[in-house]
Amino acid sequence: MSYKLPDEKDLEAMIGIVGKEYATNNKAITASYLSKSVMGLESQIPDIVIRPKYVEEIRKILVYCTQEKIAVSPVSGGLSGGFACPTIKPGGVLLDLGRMKRIIEIDEENRFCIIEPGVTNGELWAYMHKYHPDWAPPIPDGAPPAATVMGDAIDRGFSLYTSSVGPQGDNFMCGEIVFPNGDVVRTGSWALPTAKPFYKYGLGPDMWSFLMGSQGSLGVITKAAVKIYPHPKFKTVVVWGMDNPYDMQNLTLEVAKQEFGISHHTVMVQGGNYPIVMARWPKDKIPHDYAFYKDIGISQWWMNWETWAQTQEELDYATNRIDKMAEDFKKRAKNPDAIIKQQLHPKQIASRMKKPNKIAIPYSFWEAGFLFITWYTPWPECAHFAEMYTKAMEKYGFPPVMWIASIERCRQAICMPIVCFDSRDPKNFEKVQELNRETTEYALKQGWLNYRPDPYIHVQAYYQAAMYWKYLRAFKKLVDPNMIMHPGRLALP
Amino acid sequence: MAKTGMKRLEELEKDIYKCIHCKACRSAYSGEPDREGIGEFAGKQGTVLYEGIVDACPAGIEYGWEAFWNAGKMWIARSILNGDLEFNEEVRDVILPCITCGQCSAQCENKIRTVDIIEALRAACMESGVPMIDKHELVDNLVKERNNPYGGAAAERLKWAKDAGLEKFINNKDAKIAYYVGCTASYRQVEVAIATAKLFEQLGMDFTLVDDEVCCGSPFFRIGAVGTAQELMRKNLEAFKNVKMVYFSCAGCYRTFTIDYPKWMSEDEKLPFKTQHAFELVARLIQQEKIKFKPNKELKGKVVTYHDPCHTGRHFAVDMEQEMIEKSSNLMIESRKIRDAIEEWYEVPRIILRKLEEDVGIEFKEMYRIKLNSMCCGAGGGVRAGYPEFSIKTASLRCDEANAVGADILTTECPFCWRNLSDANEQYEHGMVVMGVLQMITEYNLLDILQNPNEKDFLLPSIRENMEEILKEKPKK
């Protein structure tokens, strides 16, 4: 596939669509969109950056780029702490969707909100906190305030209640997408012009699910209708510590299986190991030895259950049940003596429940840069993953930071090794790649899924899923005939 | 510290590489989504929802492109260091419209020294041969000819003192304390200079005004003209070398002497005097119960709000934090002490305002974005000279925020902030009075001395100097 490098004539065409103020090839401005961190280290400076505001502008841009075979990378905001799909070769056009930031509608009766791609977590939170305080803003948990609701969802991110109801994408009911072939499509019940966006499966097969995880590789999503849930006043966090990931895994699964019971109350179930705390501070300004963390009451591994309920009675019931189950679990634990309830100060509870938050950000404070290399595993295998990966991180000289969270009541685990390193040294990039290759080879054999395979990893996964990839590619060809959209982490094409 | 922009940029490489482009730096209260605010307000510059997290980067708000927000500039710096981008006018025109207010630095969880990086970028840009913009070149020429960027005659720098009957303090050779006035108070907001000097006189301070005083160099450090800035620095160090304490009434000058000068002096040099802002003295005397204020019918019931100048507020807070981080051996344990120290620093002007409320009868009301999260007035970083429309619009944004709390009087403690806010107040008809706190005390004759302070009181150091002791203390609960 060959692409055209945009030239002045192409810039003029873009200016003709959006206006002089919103299209540029200014080298300083294009360089400012670079990002080599958090989710990926491969990024290059785009040739042109455009800031459209209207659907029709996007349609014209995509049609033009399709005709001219110019690559396009859409960016809605910050994508979970960094530009997860930054421009890669062959460069081309970067669409900064930050001007599309309308909160179009919040419907409390039908329980959805309609947003544009540039709406950030911070904006939606502030707006709903003020005007719809009884409803939880449908923002991602763990993503910083400047990340967007849309970007997180199409990257298969988390919601505030993912551990109970499933990934954020499951909360998206209908959407509007502009495909590079020039078509503007509304999905689900919204396909009918007179209908509300109230049902994902309206009118036929759910096309929206095809877009989940697409990371902007199929078209530009310009609106989404997202479910909203009541925001109960009764909330708390329960934490149990242990000294190994297997006890963490197994206790959490036992609680998660209480479906139609307490596990529906546990909206965010996440944990990990003590280096999660250590690596948030500069490497030379924090003890590395576990003895210090033990002294301040941090277990080697732990699990948090953030619990929501409509009444105090329900909350007490749920948290007491978790405690009782943890006590009971000791009979089956690898090391029962290490299973301890962690007592949290009210300020610590408030801090853990704060959303949106900046918890994922300070891992750059350790040295100068970090990467999340994220995997999905079946929940009963996350401890195996954690054990394997932390050993590998130590082998390559990285602190063994491991974060694990439950999706849909432990049907899946999202396992996030946080690789902290000094990004000034190119040798560290090589070490990260080596770590990634070695662990990917092992992980794929176990049937685990790489969340965002890096370009040098793609082929390891996809050659094994050839038929699936064939159909993804066929759909992409249908909507993006000249393959101009960023390939995303799906390597399409 | 390195003495050229490019070397300084290289020294800051680790900070630059820490940036993960999370964009938390765009907003005030980026870590306080549930902060209760004052609701939506439709002001002269549009409607703002003052709740939770609110955008607060003036250049980003005005220009919109990623390059004008802080994270974009960090990646420009990285591209320069990597050789992916060269300095040219395009780069200059993107890195200059930044007020260097430091909001970004205050929000950054990775503690990146963003203001240092942007200033180093500017200096390196200039060193590479990219010409200054016309307006900056003008002020650079003016300061070289006249020792101030306003073009005022050098000989007239202390005219305000002579006109106000304060001549006896000019070149008062025996005094151990000096009052550094600064260019804005000397040539523009002379009310600040008069109010401060008269306050010192009323308190019985034996101080000197130094007629060899020249511009502190702040605008030139900010825009990257570090050669000019260092020349001015040398002149001031010479002019003030014989005093023990220098008081300031300008946040920018105070910051420049205290934070910038030591960075640009050689390794074995240190400031020959201590530094302090006049409001620190007033706050201390209130706490010692040596002064209070008289009731005043005209001010009684007036709603007064306070704008935290970036230079005395955020810049000092971030500088103190960086110094304490450097000294810390266990940052996880000591971070709370650092936060407490910063909170104590921000209380200094509020001690005065709350006392005014108690004694005079004003109603002190805080704006939404305050202290570490304060919204900039728009004047600094070379922007007022270089991009006056953007500068005044930013000041008007701030005036909107004061209008939102129903302020009759908008106070501050920096004549440059005062100038810009005052101009915006007038141009956009915000309908308030803008004045300095010390000006209010002097012009309304509010000072009531309960016990005459003495030289020892005047020579007590700033609370900033206590950092090592703060780290040794147990954290407050």
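A residue is taken as buried when its relative accessible area is under 20%, and in this predicted model Arg26(B), with a relative accessibility of 18%, therefore counts as buried. Arg26(B) is located in the loop that links helix H2 (13–18) to strand S1 (27–28) of chain B. When neighbours within four places in sequence are set aside, the contacts of Arg26(B) are with Asp55(B), Ala56(B), Cys57(B), Glu66(B) and Trp69(B). A further relation across the sequence is given by Gly60(B), whose C-alpha atom is separated by 7.5 Å from that of Arg26(B), although the two residues are 34 positions apart along the chain.

Chain B as a whole comprises 23 helices and 14 strands. The C-alpha trace of chain B extends over about 65 × 50 × 50 Å along its principal axes, and 64% of its 477 residues count as buried. Among the contacts in chain B with a separation of 6 or more, 80% are made by residues 24 or more positions apart. The accessible surface of the chain amounts to about 17400 Å², with 46% of this area belonging to carbon and sulfur atoms.

In soluble globular proteins, nonpolar side chains tend to be buried together. The largest nonpolar core of the model contains 197 residues, and those with the most contacts inside it are Tyr293(A), Trp160(B), Leu209(B), Phe293(B), Ile352(B), Leu356(B) and Ile441(B). Helix H17 (residues 331–360) of chain B supplies the largest share of this core, namely 13 residues. Apart from this core lies another one, of 52 residues, which includes Ala368(A), Ala59(B), Cys104(B) and Ala120(B). Beyond four places in sequence, the residues touched by Trp160(B) include Leu166(B), Tyr179(B), Val181(B), Ile194(B) and Leu209(B).

Strand S2 (residues 48–50) and strand S4 (residues 93–96) of chain A pair in the parallel sense over 3 bridges, and Val49(A) stands opposite Leu94(A) in S4(A).

Notes. Residues numbered from 1 in each chain as written. Chains lettered and ligands numbered in written order. Predicted model: local features only at pLDDT ≥ 70, side-chain atom pairs only at ≥ 80, totals over all residues. Heavy atoms only, no water. Pairing = 2+ DSSP bridges. Helix = DSSP H or I, 4+ residues; strand = E, 2+ residues; numbered from the N terminus. Core = buried A, V, L, I, M, F, W, Y, C linked by side-chain atoms within 4.5 Å. Buried < 20%, exposed > 50% of the residue type's maximum accessible area, 1.4 Å probe, protein only. Contact = heavy atoms within 4.5 Å. Areas by Shrake-Rupley, 256 points an atom, 1.4 Å probe, with all protein chains shown as cover.
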